Amino acid sequence: MSAVAFSLSTSVRVNNVRVTSARRTPASKAARVSHVTRAAGDIIESAKAAGFNTLVMAIEKAGLTAALKDPSASYTVFAPTDAAFAKLRSMPEGEDLQNILKYHVCKGKVMSRHITNFPTIMTLEGTKVAIDSKTKKADKIIIVGCPPQGTQGLAGDVEGGDIIQVDIECSNGVIHVIDGVMIPKPPLVGQNGGYVAGTVPGSGEGRTGLDTKVSTSGKY
């Protein structure tokens, strides 16, 4: 394995990749999110090199390593830090773990400059994550997570994490770093074709007779 080369100047280079560090600014000024221009290798190799130890371990445990190493695929990964995983009351297992990890992966390569073009993005888990660029707009911070669970999905907060580092480009996609773990929730299906918690459209069990019951443990 080749040695990792560091050089120090006004910026930092790791294996000749320029890294700009995040800067904390007073509340009156906008915060800056750190950027990495390019990382060598696929998503798994890049995650290992960047120190996402818990995420890589969880991906391996869930049997998703091969998919995220696929050179013919292209993914966007919202990668929780080790500290984010440490906040969970317990580490999910089995299908729960796999679904949570899939909820952090979207098909296609969405760079930071395009993220706010999408109010929601479909994930490999089968439901969407929401992109909130308004709540912390003054600090130029974007929140990504489970869409609001208020009345008909129009109220409440996006539950997930702040994007704290962006654009770690990989050979088969891009990684954006977040400071929380996103937990998928049942969609909201309601009266008059809207959504009520615990159901999804098309199955005949909701208030309208057109919904299918789904469940979530909610223990994480």
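Modeller: Start with a term: two residues are in contact when heavy atoms lie within 4.5 Å. Helices (H or I, at least four residues) and strands (E, at least two) are DSSP runs, numbered from the N terminus. This is a predicted model, so local features need pLDDT of at least 70 and side-chain atom pairs count only at pLDDT 80 or more, while totals for chains, interfaces and linings use all residues. Residues are numbered from 1 along each chain as its sequence is written, and side-chain values use heavy atoms, with hydrogens and water left out.

Now the helix. Take α5, residues 94-102. Its buried residues are Leu97, Ile100 and Leu101. Buried means under 20% relative accessible area (1.4 Å probe, protein chains only); exposed means over 50%, and partly exposed lies in between. Look down the axis of α5: the buried residues fall within an arc of 95 degrees, so they line one face of the helix. That arc is taken from the directions from the helix axis to the C-beta atoms. What covers these residues? The cover includes α2 (53-61), α4 (82-86) and β6 (105-107).

Now the cysteines. Cys106 is buried, at a relative accessible area of 1%. Cys146 is buried too, at 3%. A disulfide is a pair of cysteine sulfur atoms within 2.5 Å. By this rule there are zero disulfides.

Last, the whole chain. The protein chain has six helices and 15 strands. Of its 220 residues, 40% are buried. Among its contacts with a separation of 6 or more, 52% join residues 24 or more positions apart.
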